[in-house]
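Please read the following report alongside the sequence and the coordinates.

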Amino acid sequence: MSKSYIEQVHYIRIPVKDLELSAKWYRDVLGLQLLNIPEELAIIKVNEGPFLLILVPTEDETFAHFTINNEQEFSIGFTSPELSKFHQHLIDNQVKVEDIKEDNGHAFFHFYDTNGNKLQVHW
């Protein structure tokens with residue numbers, strides 16, 4: 001096949017325990033646009049692109065990350081041109097956040113949402 005039928009990723013679903021609290025966290029702490037909270041999910045827009053985060057309530061102990069050798073690995077990575085300011089913003093908002101690391105001129109850090117989902121941001 002020379003051309004994929006898939007154009008882009010439209011959304012990623014994230015498991016959450018408390019839908020309303022989680023939607024407010026993504027809106028207020030991450031600054032993302034909350035589009036809608038129907039009864040069974042929350043739709044969050046990531047800036048001007050077509051990409052959405054869909055928060056899905058669950059009582060199960062499940063996360064949007066996975067493990068390798070019992071170490072948590074993120075599944076969702078964001079970009080931020082103001083990495084240090086964003087890092088401090090998360091600290092100021094009592095978010096569980098790891099130190100900024102650099103790898104061959106690539107800076108990044110990991111942080112966790114209110115449900116324990118491991119996320120990454122880089123620049």
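Predicted model: local features only at pLDDT ≥ 70, side-chain atom pairs only at ≥ 80, totals over all residues.

Residues are numbered from 1 along each chain as its sequence is written, and side-chain values use heavy atoms, with hydrogens and water left out.

An unreviewed UniProt entry lists residues 8-123 as "domain: VOC", an annotation that may be inferred rather than shown by experiment. Across residues 8-123 the chain is 17% helix and 39% strand, with the end C-alpha atoms 21 Å apart; helices (H or I, at least four residues) and strands (E, at least two) are DSSP runs, numbered from the N terminus.

Thr 58 lies in the loop between strand S4 (52-57) and strand S5 (66-68), and has a relative accessible area of 18%, which means that Thr 58 is buried (buried is under 20%, exposed over 50%, partly exposed in between, with a 1.4 Å probe and protein chains only). Its side chain reaches the backbone nitrogen of Asp 60 at 3.0 Å, and, leaving aside residues up to four places away in sequence, Thr 58 touches Pro 15, Val 16 and Lys 17 (contact means heavy atoms within 4.5 Å).

The structure holds four salt bridges (a side-chain nitrogen of Lys or Arg within 4 Å of a carboxyl oxygen of Asp or Glu), among them these:

| Salt bridge | N to O distance |
|---|---|
| Lys 24 and Glu 20 | 3.2 Å |
| Arg 27 and Asp 28 | 2.6 Å |
| Glu 82 and Lys 85 | 3.3 Å |

Lys 24 and Glu 20 both lie in helix H1 (residues 19-28), four residues apart, about one turn of the helix. Glu 82 is partly exposed at 45% relative accessibility, whereas Lys 85 is exposed at 60%.

Technical notes. Polar contact = N/O pair within 3.5 Å; in protein donor to acceptor, adjacent residues only side chain to side chain.
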